[in-house]
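Visitor: Hi! Could you walk me through this structure?
Guide: Happy to, let's have a look together.

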Amino acid sequence: MDRESMTDIRQLFPSDDGNAERRNVMLGLFEQLLKGTDALKDPDAVYLKGSKDRSGSFYRDILKTSSVPAQGMKMEEVGDKLLHLLHAHPYHTKYFLTNILPMASIPGIAGMLAAFMVNGNNLWDVYGPAGAEAEVNVIAMMSRVAGYDPLVSGGYTTWGGQGAIFTGLRMAIAKFAPEAKRRGVPDNLYAFCSEAAHYSLYKSMEATGLGSDRLVRVRTLPDSSMDTADLRRKLEQVIHKGGIPVYIVATTSTTDAMGIDDVSSVRETAQSVAAAHGLQRPHIHADSALGGFFAFFNDYDFEANPLAFSAPVLEALGAIRSRMIHLSLADSLCFDFQKLGQTPYTTSLFLVKNAQDLNLVDLEPEETPYVGHRGYGQYHTGYTLECSRMASSISIYSALLAFGADGYRRLLAQFVEVNLAFRAELALRAPELVVVNPANPGIITLFRIYPKDVPGFWEEVAGGCTLDQIRRTNEMNERLFEALGEGRDRMFFGDTKKHLVVKTKDGNQTALYASKLFVISPYTQVEHVGEIVTYLKQVAAAVIAEYEAHSMKEGLVPLET
Ligand SMILES: *Cc1c(COP(=O)(O)O)cnc(C)c1O
């Protein structure tokens with residue numbers, strides 16, 4: 001396309017008659033992008049090629065110079081500009097070991113492209129019939145995976161695991177205070193989640209106007225799951241003060257340690273406390289944004305083991321399954337396909353066990369327009385917080401068809417296997433890197449280093465350390481974060497300052513800092529673990545040596561334990 005022909009603005013659109021010429025223009029652009037991206041790849045690095053200094057005045061300089069071009073550029077030039085954005089971008093190679101930032105799979109991307117071909121609006125099935133059909137499909141598919149009855153359940157695709165938690169809270173408020181939609185939210189409603197829960201609920205409390213002071217944090221057990229004895233105590237306390245517990249978020253699983261709340265025990269606790277006080281049971285949302293995909297193992301035949309997983313992998317998956325099997329006891333839940341579902345952002349699926357619950361947050365209660373239960377032209381999503389919605393369901397649909405249950409099982413089992421190998425290798429070659437989520441098999445390993453004179457992890461968990469000791473250990477681990485951060489173009493690890501809140505010997509409490517190996521790239525294999533551990537050992541040794549030398553110089557005497 002030269003600049004002359006650009007006077008016909010139709011050149012910038014796909015054809016309306018299916019002509020090959022326009023199709024080839026699009027294919028050419030796709031090819032430019034695919035080839036251009038491939039040319040930037042290096043399987044032994046974490047970043048795509050190209051140098052870009054994003055520090056200093058990088059963004060300010062953009063603000064100073066960037067404006068809309070008076071004349072449009074040639075598409076090939078635009079393609080070059082787009083590729084330039086990708087320079088030095090993190091990429092999901094074998095050494096990409098940080099947090100839940102997955103690669104978008106080929107079927108996931110293809111599903112997006114299919115959606116863009118018609119660009120329907122999933123506000124209403126008349127405007128977006130393809131997206132609506134895919135949405136009903138994926139609701140049925142994932143309801144079955146979660147153990148919901150697809151003829152009773154409902155749901156929709158939304159803005160993230162956070163959007164799911166938010167709508168769960170909206171429903172919870174509506175269950176207890178039907179007038180709240182008109183009159184505003186009463187000030188005696190309380191929500192609960194564990195200390196290890198995602199901050200989504202905190203934000204939702206703000207946004208609904210309940211306020212984060214009405215969010216009660218329940219203690220966690222050493223495996224990062226909710227301590228339901230503490231839940232019981234805190235529910236009682238709230239009720240005793242005249243509050244009403246409306247919402248409990250059971251995290252299945254946590255983003256840091258992969259702790260999995262026992263939804264069955266959370267539900268029983270909520271039920272029995274509520275009944276004892278003549279109250280309705282609070283709405284229970286399973287925050288399965290990350291861990292929900294492990295429900296694919298709920299109906300795996302562990303005896304016959306058709307996918308031939310090794311005994312240790314099977315054992316790990318069995319432990320996860322013993323918790324995930326209770327998912328269907330939650331009133332609502334979420335599958336974040338942009339996490340373990342292998343689709344691009346944003347592709348999150350919110351499910352409710354009983355589709356009727358969506359009416360609670362609908363615009364007009366006299367209508368019951370929930371997904372899958374009405375005819376064409378009547379599926380109008382008045383209950384979503386969004387108005388216009390993308391047809392992200394098509395991408396989800398595509399991935400589910402292409403991977404199949406076995407595809408997801410294989411991928412997750414591979415992540416688990418690499419983690420097991422990593423832990424074994426640490427124990428063997430790098431015991432100074434202490435695994436601090438040993439009771440959580442899965443795709444994440446948290447590890448922590450300790451100063452010489454400070455007691456270790458189990459002592460911390462048992463409340464045997466002083467606040468000062470834990471602070472010193474945290475500080476040392478923060479230096480490890482920094483050292484690993486400096487080398488993240490080589491290997492990219494995650495970290496957290498919020499692993500396990502522990503009690504201290506001197507009556508305080510504090511969270512533990514830990515570095516994180518998050519297996520998320522399909523390209524990370526067991527054979528890479530040796531090299532990963534060698535690298536970590538090297539970086540940690542330098543941090544430890546520097547820390548100990550520094551303490552000596554400062555004349556810090558070992559603290560009494
Ligand atoms: C990622 C995550 C969320 C937030 O999900 P988004 O899709 O980023 O909005 C909530 N809860 C848990 C447990 C998560 O891992």
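**Around strand β6**

Guide: Let's start with a pair: T251 stands opposite D287 in β6. Here two strands pair if DSSP finds at least two bridges between them, while helices (H or I, at least four residues) and strands (E, at least two) are DSSP runs, numbered from the N terminus.

Visitor: Which strand is joined to β6 by 5 bridges?
Guide: That is β5 (residues 244-251), and β5 and β6 run parallel.

Visitor: Is this a predicted model or what, and how are residues numbered?
Guide: This is a predicted model, where local features need pLDDT of at least 70, side-chain atom pairs count only at pLDDT 80 or more, and totals for chains, interfaces and linings use all residues. Residues are numbered from 1 along each chain as its sequence is written, and side-chain values use heavy atoms, with hydrogens and water left out.

Visitor: Which way do they point?
Guide: H283, H285 and D287 point one way from β6, and I284 and A286 the other way.

Visitor: What about β7?
Guide: Strand β7 (residues 332-336) runs parallel to β6, joined by 2 bridges. H285 stands opposite S332 in β7. From β6 the chain crosses through helix α11 (residues 311-324) to β7, a right-handed β-α-β crossover. Right-handed means that, with the strands pointing away from the viewer, the path from the first strand over the helix to the second runs clockwise.

Key. Buried < 20%, exposed > 50% of the residue type's maximum accessible area, 1.4 Å probe, protein only.
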